[in-house]
Amino acid sequence: MLNIDNLHANAGDTEILKGLNLSIGTGEVHAIMGPNGSGKSTLAHVLAGRDGYEVTGGTVTFLGTELLDMLPEERAWHGIFLGFQYPIEIPGVNNTYLLKAALNARQKFRGEPEIDAAQFLRVIKDKARLMQMEQSFLNRSVNEGFSGGEKKRNEIFQMAVLEPRLAILDETDSGLDIDALKIVAAGINALRSEDRSFLIVTHYQRLLDYIEPDFVHVLAGGRIIKSGDKSLALELEAKGYDWVLDETATPG
Amino acid sequence: MSAKNSEVKKLVDKKYRHGFVTDIGSDTIPPGLNEDVIRLISHKKDEPQFMLDWRLKAYRYWETLREPDWAMLNIDPIDYQDISYYSAPKQNDDGPKSLDEVDPKLLETYEKLGIPLHERAALAGVAVDAVFDSVSVTTTFREKLADAGVIFCPFSDAVKDYPELIEKYLGTVVPYRDNFFAALNSAVFSDGSFVYIPKGVRCPMELSTYFRINEAKTGQFERTLIIADEGSHVSYLEGCTAPMRDENQLHAAVVELIIHKEAEIKYSTVQNWYPGDEEGRGGIYNFVTKRADCRGTNSKVSWTQIEAGSAITWKYPSCVLRGENSVGEFYSVAVTNNMQQADTGTKMLHIGANSRSTIISKGISAGHAQQSYRGLVKILPTAHNARNHTQCDSLLMGKQSGAHTFPYMEIKNPTAIVEHEATTSKIADDQLFYCRQRGLSEEDAVNMIVNGFCKEVFRELPMEFAVEAQALLNVSLEGAVG
């Protein structure tokens with residue numbers, strides 16, 4: 001589904017990604033872990049097309065199409081979703097209004113008719129129940145006055161409505177207490193399917209207690225330096241990141 | 001992301017959709033201003049003597065004045081002798097008796113502007129007075145309104161048909177000595193609307209006036225007077241457009257609202273005069289004096305304005321809160337793009353005890369535009385327990401635009417409570433990215449964020465016009481982010 005080949009990217013004058021390779025198959029859940037400053041969030045942002053990064057080398061194909069040539073909204077229409085580490089507040093813009101506009105923009109891109117209002121309402125009610133969100137949430141302005149946990153739940157709720165092919169979740173677990181973490185994880189698990197892939201960016205193993213990944217990768221110094229299955233996450237938790245860094249350090 | 005930049009470039013040309021000219025024979029007097037011109041205007045309108053006398057007094061006073069220069073505006077000098085003060089589409093001597101006699105070209109013009117004047121095609125529940133250059137073309141639903149006792153007619157008709165009401169109320173809220181432009185308007189005003197709602201009547205329809213400037217080198221000097229008698233209620237809306245021309249044109253209007261006890265007027269404006277091109281050539285100078293006088297207990301006035309057009313806007317719809325418990329509200333969205341300038345706001349004058357006022361002002365500035373909010377809250381010693389809440393928010397788009405806030409407060413009663421909040425923000429890149437990541441195009445994302453910013457004001461507009469206002473805002477800001 002997603003192939004990242006030798007990706008190099010700068011933020012300003014600093015090279016952050018230094019030849020990153022990663023391949024995600026359809027239906028797979030990949031976790032990317034790594035110390036602070038290793039380039040995890042940069043990877044998420046570059047994949048989603050955020051301004052402020054310059055790709056200096058490498059390619060990324062998504063479902064057979066060159067991803068890096070697309071505008072952020074085009075990537076969304078093709079099925080990329082980014083769950084933000086810090087969801088943005090947009091005063092005066094109704095939460096469901098944004099979602100409806102987003103869904104219909106994608107419908108238009110696909111040449112399909114707009115979602116009718118009744119159908120849309122049914123969908124959001126279902127998904128809100130999944131995320132244990134009150135109806136009143138839906139009619140509030142996007143993330144305005146939401147607590148940290150509510151914002152993250154809202155991200156997963158949006159993902160559930162938009163039904164992406166690839167969900168990139170950037171530190172979705174940060175700032176969540178254990179109850180909120182369980183709700184968020186349950187939401188993500190409910191959306192796991194054969195034709196949907198996940199790239200879960202996290203600093204801690206904690207989230208992976210609830211969402212079992214197929215693959216775990218360690219990102220450090222702008223490259224993936226180690227990959228394994230879920231046991232790698234447990235090992236990292238026990239031994240810390242220094243262990244991998246030492247193990248993979250080039251001698252001399 | 002070079003693809004994105006070219007997309008944005010394509011949108012930079014701001015489109016003004018009402019910029020056409022109606023090719024119609026007109027009776028336009030030569031440019032210039034003197035007492036004879038004023039006599040001619042008064043004669044053309046067949047006015048009673050008191051009206052001419054009043055005009056001449058205003059003119060003589062105006063001659064002693066100089067243009068105000070305190071606003072934060074750059075105004076090229078205006079040659080008042082180079083403007084024609086009266087222009088009317090040619091018609092029979094008596095004017096059209098019914099819509100069938102109105103020149104089809106005029107009907108077509110309003111059709112094009114989205115204001116059908118045939119009652120059967122008109123927006124349900126909205127009566128329209130259509131003012132074209134210096135005269136009213138027609139007023140719809142006059143009979144239906146008359147059944148309810150409501151008078152809704154062109155100002156010039158009112159001068160002839162209801163001289164006692166005009167003489168009693170004209171200039172009592174905005175006297176001709178009020179300011180330079182009010183004096184000029186009082187001397188040369190041509191048409192506008194007159195509304196009288198009798199005691200206890202709730203006006204059965206929305207009333208609206210649509211102002212259109214067509215003729216080149218003319219000014220439009222409309223005058224509107226609305227009287228809400230005791231316990232009555234009316235909602236009134238005005239809209240304005242003009243052709244695209246390279247020279248500036250002057251629009252100096254006066255609006256007076258009189259609200260008796262227990263009465264309410266809701267006055268909404270969607271102003272879309274031609275704003276000039278990207279380099280600032282052409283566009284309307286919109287210099288307007290609007291004031292409401294809440295004369296009795298529990299009288300209420302609400303001004304809602306969407307100011308999107310004009311090269312320069314100088315406008316401060318105000319409330320004189322004379323009655324006990326009287327209420328004044330001002331809700332404003334002002335949009336300036338390219339080289340537009342606006343200095344706008346309100347004045348709340350609290351005289352009566354327990355009078356309350358609310359000011360919500362949303363300014364959006366893009367391109368090289370400069371915009372100021374200027375507001376005065378004045379609490380007189382008599383206004384015990386007066387309250388005011390003011391909220392001024394500015395949104396900047398692009399690096400060259402500016403927003404300025406000049407709040408003035410004069411509090412002469414210690415029991416008053418006055419609050420002022422102000423914010424200035426930029427459309428944040430992260431808000432835009434967030435919306436685009438969800439699948440909105442950049443343009444749709446900007447529109448959504450801007451409309452969210454203005455929501456508190458839009459919801460004050462009558463339903464039919466809220467949608468129109470939102471669409472207007474989107475057009476006005478096309479290409480503003482880049």
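In which helix of chain A do A:Glu235 and A:Lys239 both lie, and how many residues apart? They lie in helix α8 (residues 230-239) of chain A, four residues apart, about one turn of the helix, where helices (H or I, at least four residues) and strands (E, at least two) are DSSP runs numbered from the N terminus. The side chains of A:Glu235 and A:Lys239 meet in a salt bridge at 3.3 Å, N to O, the term standing for a side-chain nitrogen of Lys or Arg within 4 Å of a carboxyl oxygen of Asp or Glu. Over all chains, the structure holds 33 salt bridges.

This is a predicted model, in which local features need pLDDT of at least 70 and side-chain atom pairs count only at pLDDT 80 or more, while totals for chains, interfaces and linings use all residues. Residues are numbered from 1 along each chain as its sequence is written, chains are lettered from A and ligands numbered from 1 in the order in which they are written, and side-chain values use heavy atoms, with hydrogens and water left out.

Turning to the two chains together, 32 residues of chain A are in contact (heavy atoms within 4.5 Å) with 20 residues of chain B. Between them the chains bury about 2,300 Å², 64% of it on carbon and sulfur atoms. Two salt bridges are counted between chain A and chain B, and A:Glu73 and B:Arg436 meet through their side chains in a salt bridge at 2.7 Å, N to O. On the side of chain A that touches chain B, α2 (72-78), β6 (80-83), β7 (90-94), α3 (95-109) and α6 (148-162) of chain A each supply at least two residues.

Within chain B, helix α3 (residues 49-62) and helix α8 (residues 180-188) pack at an angle of about 145 degrees, with their axes 7 Å apart; axes are lines fitted to C-alpha atoms, for helices over the stretch in contact, and angles run from 0 to 180 degrees between N-to-C directions. Residues of α3(B), including B:Trp54, B:Tyr59 and B:Trp62, meet residues of α8(B), among them B:Phe180, B:Leu184 and B:Val188.

Note on methods:
Buried area = accessible area lost by both parts, 1.4 Å probe.
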